[in-house]
Amino acid sequence: MSDVTVSQFAEVLKVPVDRLLIQLEKAGIKVAGADDSISDDSKMELLTFLRKSHGQDADNAAMGPRKISLKRKSHTELRLPGPQGRARTVSVEVRRKRTYVKRDDLEKEAKAKQAELDKIRAEELAEKSRQEEEVRAKAESREEQRTRQEQEESERIEKERSIKEADAGRRVEEELKRQQEASEKERQEKEKKHREHAARAERDRKRSRTKYGREELHVGSLSARRKRKPQRRRPSHISVDQHHGFEMPTEPVVREVKVPETISVGELGKLMAIKSGELIKALMGMGVMATINQVLDQDTALLLVEELGHKAISVSENHMEEKLVEAAGESEAEELPRSPVVTVMGHVDHGKTSLLDHIRKSRVAAGEAGGITQHIGAYSVETKKGTITFLDTPGHEAFTAMRARGARATDIVILVVAADDGVMPQTIEAIQHAKVAGVSLVVAVNKIDKSEADVEKVRNELSQHEVISEEWGGEHLFANVSATSGEGIDQLLDIILLQAEVLELKARREGPATGIVIESRLERGRGPVATVLVKKGTLRSGDILLAGQELGRVRAMFDHAGKAVTEAGPSIPVEVLGLSGTPAAGDDTLVVSSERKAREIADLRRGRSRDVDLASQQAARLDDVFTQMEAGLASSVQILIKADVHGSAEAIRDALGKLPSDEVKVKIIGSTVGGITESDVHLAAASGAIILGFNVRADSAARKTIQEMGVDVRYYSVIYEAIDDVKDALSGLLTPEIREQMVGLAEVREVFKSPSFGQIAGCLVTEGAVRRNNPIRVLRDNVVIYEGELESLRRFKDDANEVRSGTECGIGVRNYNDVKVGDQIECYERIEVARTLE
């Protein structure tokens with residue numbers, strides 16, 4: 001190619017001249033201007049520079065481009081008709097682009113990908129072979145272990161068989177020896193008998209000789225020597241007694257009958273060898289209507305057995321669970337010191353929760369409905385003096401069972417008494433619970449910052465219930481505190497820890513955990529939640545926990561602050577998730593190793609509880625029948641209780657059961673934990689019950705069913721409001737009281753005779769007013785001689801409906817003609833007064 005100018009080269013390359021000049025300058029090629037010529041070497045040098053600037057090296061350049069793109073343009077014109085008959089021309093430009101890629105590059109990429117896939121596949125095959133090798137090794141080890149076990153088992157069986165064979169051989173030898181001795185003894189006896197027989201024959205022979213020494217010869221007759229025919233034997237009759245060997249006993253047979261917790265009438269009859277009809281007759285004599293399949297509770301069965309003259313022994317069916325508990329308690333782990341469990345008890349509104357809030361530095365009391373505690377709370381508190389587990393119990397009178405559970409699960413009881421209020425009924429009850437449980441009692445006199453506080457008065461009142469302070473020569477520790485200002489709190493904590501040191505509280509940390517259920521509830525999304533206080537051992541996530549009638553594997557645990565924990569040691573309260581249902585508050589908990597045994601025990605407990613409930617319900621139903629037969633049908637209020645926790649449901653049920661009334665009664669048809677469901681509404685509608693929801697609500701399906709069926713649902717958050725409403729409902733069912741109220745009094749001044757009405761008493765109204773339609777009494781010398789109605793009441797000759805005091809009138813008494821001067825006619829009315837429960 002001949003040299004061309006820069007402008008011509010730019011036209012060939014289809015680039016601006018200025019740009020080409022810049023590129024030449026960057027490539028180091030010196031040109032004077034656009035008209036200067038450029039050689040072929042300069043072109044190649046420019047090409048090499050441009051390739052390097054675009055990231056291509058010389059080798060790639062030599063190899064040529066990997067990808068080529070061809071672009072083409074074509075122009076065409078289209079004539080389109082326009083408006084008003086005019087045609088218009090439209091220029092159409094078509095651009096085409098086609099890209100070609102080298103096949104070698106594609107093959108290289110494919111080979112690289114294939115190599116990578118082969119490498120990954122080889123690694124997977126190696127991993128798979130390694131896993132197979134591990135599985136094979138484990139299988140071989142298991143096979144070897146099984147072979148070894150089989151060999152040991154065969155050796156044990158062979159050893160036992162050899163021992164049995166040796167024992168059998170020894171027994172055979174002993175038997176042979178005994179037989180030989182018996183045969184030898186028998187042979188000696190035979191020889192002795194033979195010698196005795198020979199000696200006796202010799203003596204007889206000597207006696208039969210004559211005096212000359214000859215033996216006598218006895219010759220019989222010919223007929224005697226003939227062979228006689230054998231005579232036929234007569235059949236011998238054996239006397240056989242035709243009576244059987246069983247005879248009626250001469251005195252009653254007294255049997256020892258083991259009575260379980262529940263037993264049917266038929267089974268009890270078999271134990272006493274008495275027909276079921278006799279038992280049913282005896283039960284009817286005791287006032288119990290029963291059938292042969294009727295399940296009796298233990299108390300009724302014991303009375304029945306003693307009534308029939310047998311000895312009753314009550315037995316328990318919990319042998320399996322006793323063995324399981326004993327196996328759990330036989331752990332030989334070392335006992336280490338543990339934190340004390342302290343229960344705060346006292347009367348309502350005496351500051352128990354506020355005192356605990358000050359120790360925990362929280363505000364639980366402010367969040368309680370109605371300002372009173374209605375649940376039992378468990379908290380583990382880290383103080384400067386050490387760790388203490390507190391149980392906060394309600395003080396309201398309806399929560400007696402909760403306070404009793406708190407006293408049973410504790411080491412020390414803090415009795416909180418308000419200095420301005422003194423000893424109250426629940427204070428006395430808390431003292432009794434502490435005495436029954438046998439725990440130490442520490443008295444905290446609260447609210448000493450108030451002006452009306454009287455500490456000495458509190459000590460005097462407590463001394464009347466055998467709670468005497470050490471200052472007065474007693475054994476109980478007292479602390480004057482203020483939950484508001486914090487005064488005396490440190491002294492109270494010192495007293496608690498001092499008492500704990502004296503008690504030397506210890507528990508093992510290793511081994512299966514045992515504890516007690518403080519509270520339980522049903523939460524949406526979490527299921528049954530139980531608050532468990534661990535007594536011994538360590539409770540861990542994944543343990544199989546048996547709590548009363550419920551069983552489950554611990555899925556998660558949370559402390560009192562809601563923080564997830566994996567284990568809990570002695571004296572630590574935790575919330576446990578994973579149980580099959582809500583256990584009853586106060587149930588013992590136990591970690592077991594065998595889920596099968598635990599399930600058997602749980603099923604046994606459920607069945608026993610169901611039988612006991614059925615027996616008690618049937619007894620109650622029969623009692624109701626006799627009561628209604630004697631006094632007529634009594635009114636009742638059906639109630640279905642739904643509560644957030646088991647303790648609240650129990651407290652409401654007990655409080656409603658104590659409402660005093662003989663005419664109206666409260667019948668609890670159900671008491672469960674959790675929200676109000678559609679099945680609860682159907683049950684309430686079928687039995688005509690009122691649903692009482694305590695800190696729970698109905699779901700959407702239940703609300704719709706409530707509207708459709710018109711079931712009465714009441715929601716409460718304070719327990720005494722629920723009790724008051726039920727009391728009002730019972731009061732509405734009471735028969736009103738009829739009272740008689742005197743309206744007026746008239747004195748008879750004269751007696752007249754009337755052909756129409758008979759005797760007419762001319763009277764003067766001295767008190768109130770006499771009305772025609774009211775009943776009257778005739779009094780003579782202040783003694784009632786007649787009760788009836790007025791026949792007529794007139795003022796002069798006119799009929800009157802009412803005659804007031806100080807006015808004369810004529811009175812005709814219906815069906816009575818013995819009115820005399822001086823008698824008094826009393827007019828009265830009957831009014832109904834609504835009765836209320838006390």
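These are my notebook entries on a predicted model of one protein chain.

**Ground rules.** I'm working with a predicted model, where local features need pLDDT of at least 70 and side-chain atom pairs count only at pLDDT 80 or more, while totals for chains, interfaces and linings use all residues. Residues are numbered from 1 along each chain as its sequence is written, and side-chain values use heavy atoms, with hydrogens and water left out.

**Overall.** I looked up the secondary structure and got 20 helices and 38 strands (DSSP runs: H or I of at least four residues for helices, E of at least two for strands, numbered from the N terminus). Of the 838 residues, 35% are buried (under 20% relative accessible area; exposed is over 50%, partly exposed in between, with a 1.4 Å probe and protein chains only). I then checked contacts (heavy atoms within 4.5 Å): of those between residues at least 6 apart in sequence, 69% join residues at least 24 apart. The chain exposes about 53,700 Å², with carbon and sulfur atoms supplying 49% of that (Shrake-Rupley method, 1.4 Å probe; for residues, only the protein chains shown count as cover).

**Main core.** Which residues have the most contacts inside the largest nonpolar core? They are Leu355, Phe390, Ile414, Leu492 and Ile496, in a core of 26 residues (buried Ala, Val, Leu, Ile, Met, Phe, Trp, Tyr and Cys joined through side-chain atoms within 4.5 Å). Elements that each supply at least two residues of this core include helix H11 (352-360), strand S12 (387-392), strand S13 (412-418) and H15. H15 gives the largest share, seven residues.

**Second core.** There is a separate core of 21 residues, and Val748, Val770, Tyr786 and Ile811 are among them.

Most residues other than glycine have a negative phi, so I went looking for exceptions. Ala273 has a positive phi of about 60° and lies in the loop between helix H7 (265-272) and helix H8 (276-285). Is Ala273 buried or exposed? Exposed, at 55% relative accessibility. Glu504 has a positive phi of about 55°, in the loop between helix H15 (489-503) and strand S16 (506-508). Glu504 is exposed too, at 61% relative accessibility.

**Surface.** Ile68, Leu70 and Tyr100 make a nonpolar surface patch of about 270 Å² (residues with over 30% relative accessible area and no salt bridge, nonpolar side chains being joined within 5 Å and like charges within 9 Å; a salt bridge is a Lys or Arg side-chain nitrogen within 4 Å of an Asp or Glu carboxyl oxygen). Tyr100 sits in strand S4 (residues 87-101) and is partly exposed at 41%.
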